[in-house]
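Please read the points below with the model open beside you.

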Amino acid sequence: MNNIPYEYHNIPIPGGGYVTGLAYHNEVREVLYCRTDIGGVYRFEYANKTWKSLGDHIRTDMLDESYPIAIALDDQNPGRLYIACGRFESEEGVLCISEDRGNHFEYRSIPVPVHGNLYGRGTGYRLIVSHRDPNTLYFASQTSGLLVTHDRGESWLRTDINGEMFLTFVFETPDERCLVVGTAGVLTRDRNGVRGHSLYVSYDKGESFAPLPQPECPILRESTMPGYVAQRYAYDGQNLYVTFAQTGRANDNPIMSYSCDCGDVVGGIVVRYDFLRNGRISACSEITPNASNTLKMAKDLASLRDDRLFPVANINGDVGATNARKNAVYDFAFSGISTCKAMPGLLVVSTICRKQGDKLYISTDYGDHWAVILCGTYLGTLTTRAPYLNPEYYDGASTVHWVSDIKINPFDPEELWFNSGTGLFHCDNFQDNKRIFSDYSDGIEETVHLNLYSPVHGGVKLIDMVGDIGGLAFTGISATADKPFMDENNHKQVTCINADYSDALPGNVIISARGNWTGTSKGGLLLSRDLCRSFKKIGMPYGINAYIDSLLNRIEQPNVDPGWVAMGQDTRNIVWGLCDNTELTFNGIIVSHNGGYTFEKAKVCDTHGFTIEQGHMRVYSDKIDPDLFFGFADRGRIFVSTDGGATFIKKNTTASFSQNLDFGLLGAGERFEIRGENGKRGVFYIAAGNHGLWKMHYDYDRKEVLLDKLTHERDCIYCIGLGIQNGSKNILTDNKVLYFNGTIDGEYGFYRSADDMKTVERINTPSQMYGDIRTIDGDKKVYGRFYIGTGTRGLLYGMPQRSMNASFDLI
């Protein structure tokens with residue numbers, strides 16, 4: 001097998017996902033890392049002001065490193081980096097160890113389950129290196145107590161914290177005399193469901209723990225599981241600062257929803273701890289920003305009044321809450337907090353899950369007094385660099401949310417970073433009264449890409465269906481798209497699922513999309529006549545029957561999967577498989593024969609023409625015949641419609657898929673991709689995961705489905721795309737190049753074939769893996785170029801190295 005040198009680059013979006021934590025090195029300048037929920041760890045390159053991925057080697061079949069729950073730095077070894085990661089798919093997590101700032105890693109096991117994209121991902125630090133012994137690490141696990149290793153992960157000891165195993169962070173003072181652990185109070189909750197005590201302290205290096213005094217927690221009606229949970233901490237050499245939150249109302253699992261992970265949080269506070277000369281903690285003071293200690297930095301703030309309109313005195317030790325606090329309504333909590341050793345007294349803190357958008361507060365007197373420095377689009381200066389984050393696409397609202405971490409550069413109080421659910425934000429003049437905050441995720445690409453399409457005609461290079469962001473159309477590969485897909489009322493969809501387009505009538509594109517979280521856009525179908533520059537919503541076809549009405553009603557709720565759409569080449573016939581949870585059921589397939597003005601229920605029949613009620617399938621249009629549609633169903637079944645999608649008939653095939661193959665599920669972790677061949681009637685390629693790569697041809701005259709398996713028995717093919725051949729003059733009439741990822745002859749990688757798998761060329765190296773691969777398509781105009789949509793590493797393109805410097809390749 002030939003190996004063709006390829007280069008890979010991101011098509012920038014950038015950001016697009018939840019950055020869960022930041023870490024500066026405390027002793028060396030210009031060492032900064034961030035971790036993401038699904039996209040691994042990044043290092044900031046100060047020389048060129050971009051973030052560099054440390055996970056491009058991660059394979060789609062070995063994804064633990066894409067899910068970091070914690071990162072730790074060694075004060076004595078500035079090149080050393082630790083990452084704790086995992087996905088709960090085994091009883092062990094992974095400890096990644098690098099001696100060169102993340103360029104290379106070695107691996108050891110953590111003997112407890114770890115998951116970087118589940119509960120507690122927003123809290124920290126969970127992993128720390130002991131200040132005086134670089135061989136000792138502490139790990140505050142999500143469900144399995146406190147772990148300590150004295151040999152850098154070769155062996156571990158584990159202990160509970162006074163009966164509690166669900167932890168949030170661990171802190172050690174520089175002199176090693178004090179160890180503080182945050183817990184979620186799950187196993188120690190009382191019979192009324194109130195969480196147990198959150199903070200514990202040890203003065204014997206973890207041999208024993210005692211409760212650390214914290215303010216009494218009021219029982220809030222807004223909390224489905226009351227009780228403070230310590231979120232994050234900051235230490236300035238003399239004080240320890242801790243933020244707290246309580247579980248809110250909107251959550252699927254109240255026990256585990258204690259950060260901005262699986263729902264909302266409420267009732268937060270900020271606490272300061274003082275130390276005695278003997279290293280013990282002496283006092284606890286509540287320093288929560290409130291109406292009595294917070295300066296409003298604007299002239300007219302009637303609409304921005306602080307959510308706490310009551311005075312709060314400092315609370316020392318375990319003194320009870322005031323009546324004002326008990327009766328108050330808290331609709332958010334606190335999480336991110338940071339100090340700066342270069343400027344004693346400087347403190348910054350962030351809210352989380354504030355419905356109107358998170359706030360940032362600053363203090364210059366150790367938290368005694370505060371000022372609001374950023375709140376939505378109303379207070380503070382927030383500029384937008386990534387087009388999709390423009391407030392106009394979010395009904396004028398800021399995208400600053402889930403600010404669970406915030407960090408001031410320990411050597412430069414002008415530099416500040418904070419996280420969000422859509423990447424990172426930055427300020428480089430933090431001490432200026434006219435400070436400017438801006439999104440800054442250059443190099444961070446962690447968007448989830450569900451389906452990619454490279455059109456044959458027009459100026460659009462790539463149509464991209466993206467989780468959370470919606471849909472994007474790229475006219476070049478070196479710059480981000482101008483804007484996300486919008487309906488005719490200028491409302492953005494939150495996630496686009498799939499698209500279909502016409503080669504015969506270029507410019508016509510139909511998409512299925514979820515409605516946004518606010519309900520200003522509804523889920524359903526949108527149609528573009530100008531190659532994605534504008535879209536118009538297709539009306540919801542209520543009235544067909546009660547079951548279909550129930551599915552349509554559910555689809556119009558915020559962020560609900562709409563199903564799967566296929567459109568014939570003349571754009572008249574549209575087949576819409578409505579989604580019932582994850583199933584594209586036979587009874588939920590509807591069809592329009594007039595471009596979406598009216599719909600009727602489609603019929604699904606067996607080989608004898610009898611109606612089938614049970615089953616589910618995904619429908620694709622033929623790339624030539626406007627009346628020809630194909631249904632790929634559960635149990636590997638294939639159905640064909642020759643009447644524009646009105647009736648689908650099951651077809652016997654010359655070969656058969658496994659009964660375990662289910663093509664009719666949506667969003668259920670499917671590992672397959674189906675591509676119709678442009679310019680060919682009835683020709684499809686099917687990447688069927690562990691079942692290999694297949695080519696299907698429909699013999700229209702004989703009404704037969706011919707299946708040919710193109711790979712060997714143990715080969716696995718996950719995603720497939722088709723691109724133009726070398727020297728081709730007409731992609732519609734010529735054969736195509738196949739681009740795919742999978743395992744060939746026991747080697748996982750990216751491959752291409754120009755002759756239907758008679759010969760195969762590998763086009764990547766072990767350092768070019770890019771994590772969770774969701775979809776692939778080949779460029780229809782430029783030979784050698786193909787596109788990769790990932791679930792962990794954003795959107796990429798690959799090209800042969802010899803062509804990378806040619807200007808025409810970058811358009």
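1. I would start with Ser-502, whose side chain reaches the backbone oxygen of Gln-569 at 2.6 Å. A polar atom of that side chain of Ser-502 also lies 3.2 Å from the backbone nitrogen of Ala-504. A polar contact here is a pair of N or O atoms within 3.5 Å, where within protein one must be able to donate a hydrogen and the other to accept it, and residues adjacent in sequence count only if both atoms are side-chain atoms.

2. Before going further, please keep in mind that this is a predicted model, in which local features need pLDDT of at least 70 and side-chain atom pairs count only at pLDDT 80 or more, while totals for chains, interfaces and linings use all residues. Residues are numbered from 1 along each chain as its sequence is written, and side-chain values use heavy atoms, with hydrogens and water left out.

3. Where in the chain is Ser-502 placed? Ser-502 is in the loop between strand 36 (496-501) and strand 37 (509-513); helices (H or I, at least four residues) and strands (E, at least two) are DSSP runs, numbered from the N terminus. Ser-502 is buried, with a relative accessible area of 3%, where buried means under 20%, exposed over 50% and partly exposed in between (1.4 Å probe, protein chains only). Leaving aside neighbours within four places in sequence, Ser-502 is in contact (heavy atoms within 4.5 Å) with Asn-508, Met-567, Gln-569 and Thr-571.

4. The structure holds 42 aromatic pairs. Phe-171 and Tyr-235 form a tilted pair, because their ring centres are 5.2 Å apart and their planes are at 50°. Rings of Phe, Tyr and Trp (its six-membered ring) pair if their centres lie within 6.5 Å, and planes under 30 degrees apart count as stacked, over 60 as edge-to-face and the rest as tilted. This pair links distant parts of the chain, with Phe-171 in strand 15 (residues 167-172) and Tyr-235 in strand 19 (residues 229-235), 64 residues apart. Phe-171 is buried at 4% relative accessibility, whereas Tyr-235 is partly exposed at 25%.

5. Is the pair of Tyr-739 and Phe-786 stacked or tilted? The planes of Tyr-739 and Phe-786 are at 5° and the centres 5.0 Å apart, so the pair is stacked. Tyr-739 is buried, with a relative accessible area of 0%, and Phe-786 likewise counts as buried at 0%.

6. A charge can also sit over a ring, which requires NZ of Lys or CZ of Arg within 6 Å of the ring centre and within 35 degrees of the ring normal. Lys-703 lies over the face of Tyr-700, at 3.8 Å from the ring centre, and Tyr-700 belongs to an aromatic cluster that includes Trp-564 and Trp-694.

7. The structure holds 38 salt bridges, each a side-chain nitrogen of Lys or Arg within 4 Å of a carboxyl oxygen of Asp or Glu. One of them joins Asp-625 and Arg-681, with the closest N and O atoms 2.8 Å apart. This pair links distant parts of the chain, 56 residues apart. Asp-625 is buried at 11% relative accessibility, while Arg-681 is partly exposed at 36%.

8. A salt bridge also joins Glu-673 and Arg-675 (3.2 Å, N to O). Glu-673 is buried at 5% relative accessible area, and Arg-675 is buried at 8%.
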